[in-house]
Amino acid sequence: MDEVSIGNRRTLLKGIASLGVASLTGCSSDPPTYGNVLRMGDWLTYQTQRLLLPRQSLAREYELSDISSTLAIGSIDPGNPDKSYFSPEFGPKYASLRKSEFADWRLRVEGAVLNPREFTLTELKRLPRRTQITKHTCEEGWSAISQWTGVPLAAVLRAAGTRPSARYVQFYPYDDVADGIDMIDALHPQTILAYGMNGADLPIAHGAPLRLRVERQLGYKSMKFLRRIVVTDEFDDHGSQGWLRNGWSWYVGI
Ligand SMILES: Nc1nc2c(c(=O)[nH]1)N[C@H]1C(S)=C(S)[C@@H](COP(=O)(O)O)O[C@H]1N2
Ligand SMILES: [Mo]
């Protein structure tokens with residue numbers, strides 16, 4: 001980004017910020033990537049979207065006949081040590097869980113919750129269920145429509161008892177990344193932890209046994225291969241494990 005556009009953004013920022021203070025009082029409006037002037041653009045995108053869109057506005061949902069074939073991209077097998085996203089700590093665990101068809105897999109939910117706990121897949125399937133046909137849009141320029149079935153993240157957070165101080169939810173998978181979303185997206189009705197895709201169990205390449213779907217942001221926010229969820233009071237960009245290492249924004253609303 002050149003200096004001129006930073007300057008323009010700053011000027012714009014002032015206008016938006018004064019608007020923002022007036023209308024966002026009491027909600028989480030910290031800059032998602034504070035402390036870095038080159039990241040001010042992210043903050044502007046975040047604030048503007050949060051200002052303009054009703055909080056619970058739904059992403060478009062499609063018909064069964066709209067379903068298209070979906071690429072599997074990024075990490076497609078956390079158990080493969082030859083891949084760049086392989087985690088020496090969690091990759092081997094994934095490989096062994098997969099051998100027993102995820103019978104021993106658990107989702108750990110902890111942090112700013114009253115009842116930190118683990119969920120089996122069966123327990124998650126007993127919670128409320130939502131099926132949605134949505135379009136996945138990847139930062140690389142492709143998109144695809146699929147049907148996703150899972151439990152609303154809000155239901156899981158309710159079961160764990162989110163503390164009132166909580167503002168973000170962080171996701172840790174079996175490959176070497178980590179990411180988070182704010183409470184507005186976490187509690188959105190279309191934000192689900194999906195265990196099914198197109199009427200079948202979630203395939204390995206698409207994030208088995210459980211992945212996140214965040215329908216109002218770009219595809220990389222929909223973390224696959226989940227093992228742990230941590231509710232936090234503070235923002236976290238996850239440093240070298242976050243997508244920011246690729247130069248990608250923390251907030252990518254669409
Ligand atoms: N754990 C994990 N989740 C991930 C990724 C990844 O590499 N690891 N890639 C992301 C990106 S860039 C995209 S576009 C989608 C791809 O989802 P799909 O493979 O189901 O198409 O997963 C996202 N979630
Ligand atoms: Mo992507």
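Author: By class, twelve nonpolar, seven polar and five charged residues line the largest pocket. Here Ala, Val, Leu, Ile, Met, Phe, Trp, Tyr, Cys and Pro count as nonpolar, Asp, Glu, Lys and Arg as charged, and the others, Gly among them, as polar. A pocket is an open set of points on a 1 Å grid over the protein atoms alone, where a 1.4 Å probe fits, with protein on both sides within 12 Å along at least five of seven lines; lining residues have an atom within 4 Å of a point. The model is predicted: local features need pLDDT of at least 70, side-chain atom pairs count only at pLDDT 80 or more, and totals for linings use all residues. Residues are numbered from 1 along each chain as its sequence is written, ligands are numbered from 1 in the order written, and side-chain values use heavy atoms, without hydrogens and water.

The largest pocket holds about 360 Å³ of space, a volume filled by probe spheres set on the grid points. Of its 24 lining residues, Ile73, Gly74, Tyr220, Lys224 and Trp243 are closest to its centre.

Ligand 1 sits in this pocket, meaning more than half of its atoms lie within 2 Å of the grid points. Around ligand 1 are 23 residues, each with a heavy atom within 4 Å. Leu71, Asp175, His206, Arg211 and Lys224 come nearest. That shell has twelve nonpolar, seven polar and four charged residues.

Now the polar contacts, pairs of N or O atoms within 3.5 Å. A ligand 1 oxygen lies 2.5 Å from an N or O atom in the Lys224 side chain. Polar backbone atoms also take part: Leu71 at 2.5 Å from a ligand oxygen, and Ile73 at 2.9 Å from one. Taken alone, ligand 1 exposes 530 Å², and the protein buries 98% of that, by the Shrake-Rupley method with a 1.4 Å probe.

Methods. Polar contact = N/O pair within 3.5 Å; in protein donor to acceptor, adjacent residues only side chain to side chain.
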